[in-house]
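Here is a short note to read with the model open beside you. Take the points in order and find each place as you go.

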Amino acid sequence: MTRRSVLQGAAAATVAAALPDGAVAAPPAPAPIGDDVGFLSFGAVAESVLASFYTRAQALGDAWSGGERRLLDAAHDRHRANVDRLNAVLGPDDAVPLDDFSRRVRVGTRAGALKVGRELETLVAGVYLNGAGYAADPGTRILLARLLAAGHACEAWLARLAGHPAAGLPAPVDLDTAGLRLDTYLRDPSS
Amino acid sequence: MKRTAIAALVAGAALALPPAAEALTVYAATSLTNVMPEIDRGATYSFGGSNTLQLQIERGAPADLFLSAEPKEAQALYRGGRCERPRTFATNKLVLIVPEGDPARVGSVYGLRRGGLKLSIGNPNVPIGDYTRKLLRRLRLSRVLQTNTVSEQSNVGQVLSQVAFGGADAGFVYVTDARAQRDRVDSLFVPKWAQPPVRYQGCVVRRDGADQAGARRLLRALRSTRGRRALRRFGFGLPPRG
């Protein structure tokens, strides 16, 4: 599969995900096939790291205005809900238990938080984009495209807060590379 | 006459011993082979693949306590009324091992992609085999089971031996097994995020004549501070207390 075909597949899934309700028949429910679970498992772990990031960012208190804090709250809730959504699709046998990892997200300043947040959102969106192109199951592709759209919106918002123009869609990121990066935010609580 | 009386007394005393004085029979997953005697030296152990042990208990094997490397087996016995409610007492992680020095230059779990290697894994029915397949699916590496020559083993000890003695280029075992053979095998990188949740569960077997009180005591000991310390010393992870 070429980069072009990945992007075409992802674009198709994104368009399908973005269409208003009623414009098309209901999208198929995700039913991951084989290694599709890789994108979903990565997503569940990464979304939990993102939820932790927003909690840590919130803790900076005065670094944010009241409106910004409300948006941080909303972003946290969205990412936390995504963990449950992904785990529901993975099913009891493949779900990712959150107590298997402790999450190490360190943010000390507003600027630092915006940098870490944008990096994380871009990384995760890049994997979703990759998954939207490569996943075998159409329902899984659409789910990943929806998560990509939501994550990209968060990244764009963080970019605005940092005074940068919102970037276009992120580049697809392969799971090997993204996994190494994500691992730096995880610690095995039993080790 | 005196001798006969003494013999009768000894025999009588032996018969009068309470059942708890007999050694407790523990059926335990192979990966617990090293740690369990540290927790209770007096018990009689039968180590093997959890699925095989489950089957033996279902057929009436004289186990008092069952310690399984994944919840599936203990939960199946519980549902069938053959054991009390299972308790989680330890966790573990998977690791890819290679013979010391990595002669086949596998490098990391991603090195399996190149194919043509001899790979040793548990069969799909045994916990280590089930966990290995989950790990590979998460890493989107299931194809390595087709592109390498795979030999399937019926318990984790066999995978460990096969790699340690050069019969395979690589194999998936628990971290605790790799530690036990660290002079013969090297452990290669497996990403943290992709680790499947490995949970050990124990349950007290329900059958006529089982030493349930003794089994409960040992299960409690496993989950006690002393038991947790021993498990930790052998490289196991610990579930939250409770």
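1. Start with Gly214(B). Is Gly214(B) buried or exposed? Gly214(B) counts as buried because 23 C-beta neighbours lie inside 10 Å. The cut-offs are these: a residue is buried with 20 or more other C-beta atoms within 10 Å of its own, exposed with 12 or fewer, and partly exposed in between, and C-beta atoms are placed from the backbone. Gly214(B) sits in helix H9 of chain B, residues 212-223. Helices (H or I, at least four residues) and strands (E, at least two) are DSSP runs, numbered from the N terminus.

2. A word on the source. This is a predicted model, in which local features need pLDDT of at least 70 and side-chain atom pairs count only at pLDDT 80 or more, while totals for chains, interfaces and linings use all residues. Residues are numbered from 1 along each chain as its sequence is written, and chains are lettered from A, ligands numbered from 1, in the order in which they are written.

3. Now look across from Gly214(B) to Thr25(B). In sequence the two are 189 residues apart. In space, their C-alpha atoms are 9.5 Å apart.

4. Next, helix H7 of chain B, residues 156-164. Eight of its nine residues are buried, so the helix is mostly covered. Among them are Val156(B), Leu160(B) and Ala164(B). Gln158(B) and Gln162(B) are buried too. After H7(B) comes Gly166(B), with a positive phi near 80°.

5. Two residues other than glycine also deserve a check. Asp102(B) has a positive phi, near 50°. Asp102(B) lies in the loop between strand E5 (94-99) and strand E6 (118-122) of chain B. Asp102(B) is partly exposed because 17 other C-beta atoms lie within 10 Å.

6. Stay in the loop between E5 and E6 of chain B for Arg105(B). Phi of Arg105(B) is positive, near 50°. Why does Arg105(B) count as exposed? Arg105(B) has 11 C-beta neighbours inside 10 Å, so it counts as exposed.

7. Last, the meeting of the chains.
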